[in-house]
Amino acid sequence: MPRYGWRQVAEDCISLDINRWVKEGAIGAYKHVTGGWKWIWNVNGEERSSIGYETNTLNPHDRWIRLCYRVKGEEESIDYKVELTTTPVHFGGERWWFLCPLCHNGRRCNRRVGKLYLPSGGKYFGCRQCYNLTYTSCNDSHRFDGLFRLMGAKMGMSAKDVKRTLDGR
Ligand SMILES: [Zn+2]
């Protein structure tokens with residue numbers, strides 16, 4: 001699992017937008033397709049990241065998209081499934097959702113979301129809440145205090161002073 005010490009803006013993340021996938025035909029009812037997805041830097045059009053995928057929605061009770069990609073600094077490529085689900089829409093048809101595959105304390109998030117994010121330094125795609133909540137709780141709780149104490153001991157400062165210095169206060 002990724003560690004969540006950094007700040008990450010969703011728009012700066014690599015993300016999967018299910019509506020785009022549906023539009024491109026990569027996700028839909030009764031499909032079994034494979035393909036690849038690429039992210040390009042706006043500035044120079046160079047490839048930023050890419051993943052391979054396999055969508056299988058042939059079985060209405062077991063619909064998933066399998067993602068396969070490599071993360072910087074990792075030897076092995078990552079390969080896992082994200083479950084898919086649908087909800088009916090007013091004018092007929094259905095709306096597609098990812099079920100967030102991230103785990104917290106051994107429990108799957110399983111939140112129904114239209115977008116999954118892969119923040120830099122992250123390993124798995126996850127919902128905004130997963131990444132944001134963890135980030136928020138890291139800051140709001142005193143989870144860093146141990147680290148501050150350690151830094152303080154090395155720098156001859158109190159944990160409080162280290163924190164204040166880092167906060168710029
Ligand atoms: Zn989640």
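Here is a walk through the fold of this predicted model, from overall make-up to a few individual residues.

Let's start with the big picture. The protein chain has 169 residues, of which 17% count as buried. Its secondary structure comes to four helices and ten strands, and reading along the sequence you get β-α-β-β-β-β-β-β-β-β-β-α-α-α. Among contacts with a separation of 6 or more, 35% join residues 24 or more positions apart.

How far can you trust it? Mean pLDDT for the chain is 79, with 76% of the residues at 70 or more. Two stretches need care: pLDDT stays under 50 over residues 1-9, where the model has 14 contacts beyond four places in sequence, and again over residues 133-141, where it has seven such contacts. Where pLDDT is low, the predicted coordinates should not be read in detail.

Now for the sheet. Six strands make an open sheet in the order β2-β3-β4-β5-β6-β9, with antiparallel pairing. At its edges sit β2 (32-40) and β9 (112-113), each of which pairs on one side only. In general, strands of a sheet pair through backbone hydrogen bonds, either parallel or antiparallel.

| Strand pair | Sense | Bridges |
|---|---|---|
| β2 and β3 (residues 47-56) | antiparallel | nine bridges |
| β3 and β4 | antiparallel | five bridges |
| β6 (residues 94-99) and β9 | antiparallel | two bridges |

If you want to find these pairings in the viewer, a few residues make handy landmarks. K38 stands opposite S50 in β3, and N56 stands opposite W64 in β4.

Next, the inside. The largest nonpolar core holds 20 residues, and those touching the most other members are L16, I27, V82, F98, C100, L116 and F125. Several elements give two or more residues to this core: α1 (18-23), β4, β5 (78-88), β10 (115-118) and α2 (128-140).

Leaving out residues up to four places away in sequence, F125 touches L16, L67, V82, L116, Y117 and L118.

You'll find L67 in strand β4 (residues 64-69). Is L67 buried or exposed? L67 has 21 other C-beta atoms within 10 Å, so it is buried. Apart from residues up to four places away in sequence, L67 touches I51, Y53, Y80, V82 and F125.

Most residues other than glycine have a negative phi, and most peptide bonds are trans. Y30 has a positive phi of about 50 degrees although it is not a glycine, and N110 has one of about 55 degrees, again without being a glycine. Where do they sit? Y30 lies in the loop between α1 and β2, while N110 is in the loop between β8 (107-108) and β9. As for their surroundings, Y30 counts as exposed because it has 10 C-beta neighbours inside 10 Å. N110 has 15 other C-beta atoms within 10 Å, so N110 is partly exposed.

Terms used
Residues numbered from 1 in each chain as written. Predicted model: local features only at pLDDT ≥ 70, side-chain atom pairs only at ≥ 80, totals over all residues. Pairing = 2+ DSSP bridges. Buried ≥ 20, exposed ≤ 12 C-beta atoms within 10 Å, placed from the backbone. pLDDT = per-residue confidence, 0-100. Core = buried A, V, L, I, M, F, W, Y, C linked by C-beta atoms within 7 Å.
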